[in-house]
Amino acid sequence: GLDRQVFSPLPSQARDSFRQEMGISQEDLFLLSVGELNLNKNHQVVLEALSILKRRPGGLFHVRYGICGEGFARPRLEREIRERGLEGVVTLYGYRQDIPKLLGCADATVFPSRREGLGMAGLESLAMGVPVLAADNRGTREYMIHGKNGLIYPWDDPAGFGRGIALLRGMDQPRREALSQRCVDSVAPFDRTKTRAAMKAVYGEMDRKVRERYGG
């Protein structure tokens, strides 16, 4: 279940301070992905989306994308970032132990995986009031609603992810705040207390059936 004592919205002063530490300005749209660097996590679709936006009027002005994690795909990502000329936009943060702090600094997280069982990283982001730009897969269908707590596109649709980034960049402050509150509200069913109660009921029912069948 989701520990909302750990993953909850940061106070604005702490958020501003952490962003300053990371070199992220208040005007930047800061996007963040968290997860192992492998092909399933599909970071390449985000890099392609950024390349599409780079070619448009306004380009990637005040857009930053951070990727947290390590894995065998790191050299490939580093090469693609260089080849696309995204060195000033994309930062590979490597393995981090301060994920709640980083999530709280983000304006949105990007969760482009081809496949996910559930995807706790997405739920943790929403719990912190940070919308998710997600790929449509089995896991994200459990908790994502397009336009309510984020945006959803096919995992192989870089143009869609580009549109999502542009939509997030164009939001005014009142819309951002309303979206943030909807994100927090949307994860209530996944709170640890509720999942523990549900699992207790499941195991209780299993125990009852075993006792009925075998006695005891």
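## Close-up views of a predicted model

**View 1. The largest pocket has a volume of about 670 Å³.** Among the 30 residues that line this pocket, Arg15, Asp107, Gln173, Arg176 and Ser180 are the closest to its centre. Helix 1 (12-22), helix 6 (158-169) and helix 7 (173-186) each supply at least two residues of the lining, and helix 7 gives the most, with 7 residues. By class, the lining of the largest pocket splits into 13 nonpolar, 8 polar and 9 charged residues. (Ala, Val, Leu, Ile, Met, Phe, Trp, Tyr, Cys and Pro count as nonpolar, Asp, Glu, Lys and Arg as charged, and the others, Gly among them, as polar.) Pockets and cavities come from a 1 Å grid over the protein atoms alone: a cavity is a set of points where a 1.4 Å probe fits but cannot get out, a pocket is an open set with protein on both sides within 12 Å along at least five of seven lines, and lining residues have an atom within 4 Å of a point. Grid points are joined across faces, edges and corners, and a volume is the space filled by probe spheres set on the points.

A word on the model: this is a predicted one, where local features need pLDDT of at least 70 and side-chain atom pairs count only at pLDDT 80 or more, while totals for chains, interfaces and linings use all residues. Residues are numbered from 1 along each chain as its sequence is written, and side-chain values use heavy atoms, with hydrogens and water left out.

**View 2. The sheet is an open one of 6 strands in the order 3-2-1-4-5-6, with parallel pairing.** Strand 3 (90-94) and strand 6 (150-153) stand at the edges with a single partner strand each, so one side of each has no neighbour in the sheet. On average, neighbouring strands are turned by 20° against each other, direction ignored. Strand 1 and strand 2 (residues 63-68) pair in the parallel sense over 6 bridges; look for Leu29 opposite Val63 in strand 2. (Two strands pair if DSSP finds at least two bridges between them; helices (H or I, at least four residues) and strands (E, at least two) are DSSP runs, numbered from the N terminus.)

**View 3. The largest cavity holds about 50 Å³ of space.** A search of the whole structure turns up 2 cavities of 30 Å³ or more. Leu32, Ser33, Val34, Leu103, Thr109, Val110, Phe111, Ala121 and Gly122 line the largest cavity. Strand 1 (29-34), strand 4 (108-111) and helix 5 (120-127) are the elements that give two or more residues to that lining. The class count there is 6 nonpolar, 3 polar and no charged residues.

**View 4. The second largest cavity holds about 30 Å³ of space.** Its lining includes Lys41, His43, Pro112 and Ser113, and strand 1 and strand 4 each supply at least two residues.

**View 5. Helix 2 (residues 43-54) and helix 3 (residues 74-83) have axes that come within 11 Å and cross at roughly 5°.** The two helices are therefore roughly parallel to each other (angles under 35 degrees count as roughly parallel). Axes are lines fitted to C-alpha atoms, for helices over the stretch in contact, and angles run from 0 to 180 degrees between N-to-C directions. His43, Gln44 and Leu47 in helix 2 meet Arg76, Leu77, Glu80 and Ile81 in helix 3, with contact meaning heavy atoms within 4.5 Å.

How values were computed
Angles under 35 degrees count as roughly parallel, over 145 as roughly antiparallel, 65 to 115 as roughly perpendicular and the rest as oblique.
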